[in-house]
Amino acid sequence: MRDFRDYLALDRLPHMWCAGCGHGIVLGALARAFSDLDLDPSQIVVVTGIGCWGKADDYLRTNALHGTHGRALAFATGVKGARPSLQVVALMGDGDGVTIGGNHLIHAARRNLSITGLMVNNYNYGMTGGQYSATTPYGGLTTTSREGCPEEAFDTCALVAAAGAALVARTSAYQPAQLRALLRQALTTPGFSFVEVASTCPTYFGRFNQAPGPAEQLKDVAASVGSPGIVAKRQVDDFHARYWRIHGKGDEHER
Amino acid sequence: MPILMQGNAAIAEGALRAGVSFYAGYPITPSSEVAEIMARRLPGQGGIYLQMEDELASMAAIIGASLAGARSLTATSGPGFSLMQENLGMAVMAEVPCVIVNVQRSGPSTGLATRPGQGDIMQARWGRHGDAPIIALCPSSVQDCFDQTVRAFILAEKFRCPVVLMPDQVVAHLSEGLELPGEVTRSERSRPTCSPAEYQPFAAPPGEIPPLAEYGSPYVFHVTSSMHDETGFSRSDPETARKKNLHLHRKLHDRVEDIAEVRYYGPDRPGVLVVAYGITARAARAAVQGDEDAGVLELATLWPLHERRLAEVAGSARLVLVPEMNLGQMVHEMRRIVRHCPVHGLHRADGEPIEPEEIARAIRDSGGEAR
Ligand SMILES: Cc1ncc(C[n+]2csc(CCOP(=O)(O)OP(=O)(O)O)c2C)c(N)n1
Ligand code: SF4
């Protein structure tokens, strides 16, 4: 049985995230979910976007593809499309995942390749200095909405569920044990699985909008999630199963 | 026995024979035949055809597929090629072999969607931020479409970089004879031979190409669009950046002789040299037919440019003429390379190919310079 540390590039520590940032908690839960399933690191490909959360691959000892901002799922589609036996995980921030990358997100859900999307939602663009994203709530204070965000936020889970994903779940960085369990389930679900983690950016969004201090902010984001857990679940045949059935080679290509 | 085939079909045929197993694309005129043939033929060969949501995704997907070990391909035209630029830069940075077909149509923007152009020459070279050098090939016949597609896959693996094939719409939609070879030489990836623990995806002696593993093999590896060292992990000190950027440049430019193909047709010491590419090179050859003083130099490879050879062939010329279906792109390169005589452009950007007679007239009209 592998230990969660076997998936982490411990020699790369300390990480670049601010003190109190929620990203480390999510990374820990992901490494633990890998070890719970005893996944072989050589068969895992972690695809990341650009952002603070997108730096997560720097601390992993799996295969990694750090692509461009918003396109993690598109790169992941190529990896998984070409080699379906791989365990492919796409790590995205809310900027990455549902703002610049929103088109890829709905199409990944519709297409249902067996990829797991893990989106950390800290309600703003951390890396570029705390501007608003498509998940910043109406009225949210950010460095580009000093008087409040004039736009409405996406309900990302509802969006992904409507687009046809096999599994959609939501929790927060305040509940790492539940996150770990949901990730285990996502990693073993055929078709596209999506986990949204509400998390903290104490340097920007938290400081402008939430309780003082990272620990209190974690409670704030947990409260904002409402009822965490599975949001939607559908029995789907994944892309490759459908592809080979259509092309009359159902059995040959069962993998 | 040659068979009658269209340029786009020859590209698809070349890719299939070269062993392509993954295609991701978004349809666009005048390249869509490539997608249609891939969709029809790939499943029968055990390959995957994916119709992506846009060209950003198409480019990303062929990079991902290549890293997973597939020979991967996409095809597009001007507007889609513009959307691919950011991820093309990613393929340059992460040194990912893949092949991109850009069937050139007349721009700018949506432009004349069904008409030919040669306006993407500089976009192919400089369309990305940073220096981001790539290889770009330019076929001028249906046979060339097939042959250069096969070659594109070989160059992509050999130099670990994206290769762009740039037919213009005339060549891509032209139907003419194609001699299909019995067998084609397939690209080979240079895979690591060290132990998995020792493998560094970007480590190679200066000027050499590091071996590339594939996801799912025992070689676990990182690639990133960020600046990185030999290990593939991001690193941003000036020395790392200097070495990486020089490597990306030098791996192509120091080996231009192995990459760039230039074709010369004409007398030993031409007084007039017409430098052209794509369908325009064929018009140029027709234009100088029977002219004992004029030759045509066809750029079958656009980037990197074989500057030494160009200067050599142009050495005897009193005039260099560069006809192209744009308002002046390659002509500026020729002016940089050829300093001893005038370099004239002959430009047309109205969606019509340049006729042989226009080139012949330009040679005649240059009067004193040419004769
Ligand atoms: C094409 C492109 N546009 C903009 C950027 C600048 N940029 C980098 S990260 C980022 C947002 C990151 O926010 P998010 O995805 O929410 O992750 P976080 O930093 O909050 O973890 C932006 C806008 C970029 N790198 N590329
Ligand atoms: S800026 Fe925000 S998201 Fe980025 S590391 Fe700091 S706290 Fe985390």
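Let's start in a loop. B:Pro108 sits between strand 6 (105-106) and strand 7 (112-116) of chain B. Helices here (H or I, at least four residues) and strands (E, at least two) are DSSP runs, numbered from the N terminus. The bond joining B:Gly107 to B:Pro108 is a cis peptide, with omega about -5°. Chain B has another cis bond to show you, from B:Trp303 to B:Pro304, with omega near -5°. B:Pro304 lies in the loop between strand 15 (301-303) and helix 11 (307-314) of chain B.

Now, the ground rules. This is a predicted model: local features need pLDDT of at least 70, side-chain atom pairs count only at pLDDT 80 or more, and totals for chains, interfaces and linings use all residues. Residues are numbered from 1 along each chain as its sequence is written, while chains are lettered from A and ligands numbered from 1 in the order in which they are written.

How confident is the predictor in chain A? The mean pLDDT (confidence in each residue, from 0 to 100) is 97 for chain A, and 98% of its residues reach 70 or more. Confidence is lowest in helix 8 (residues 214-225) of chain A, with a mean of 96. It is highest in helix 2 of chain A, at 99.

Next, the sheet. Strands of a sheet pair through backbone hydrogen bonds, either parallel or antiparallel. For us, two strands pair if DSSP finds at least two bridges between them.

Strand 4 (residues 115-121) and strand 6 (residues 193-198) of chain A run parallel, joined by six bridges. A:Asn121 stands opposite A:Ala198. Follow the chain into the loop between strand 4 and helix 5 (156-163) of chain A, and you find A:Tyr123. Its phi is near 65°, a positive value in a residue other than glycine.

Which strand of chain B pairs with strand 2 of chain A?

Now the whole interface. Residues are in contact if their C-beta atoms, placed from the backbone, lie within 7 Å. On that basis, 31 residues of chain A touch 34 residues of chain B. Strand 2 (63-66), helix 2 (72-82) and helix 4 (102-111) of chain A each give two or more residues to that side. Helix 2 of chain A gives the largest share, eight residues.

Last, helix packing. Axes are lines fitted to C-alpha atoms, for helices over the stretch in contact, and angles run from 0 to 180 degrees between N-to-C directions. Helix 1 (residues 23-36) and helix 6 (residues 176-187) of chain A pack at about 50°, with axes 8 Å apart. The residues making this contact include A:Ile25 and A:Leu30 of helix 1, and A:Leu179 and A:Leu183 of helix 6.

Methods:
Two residues are in contact if their C-beta atoms, placed from the backbone, lie within 7 Å.
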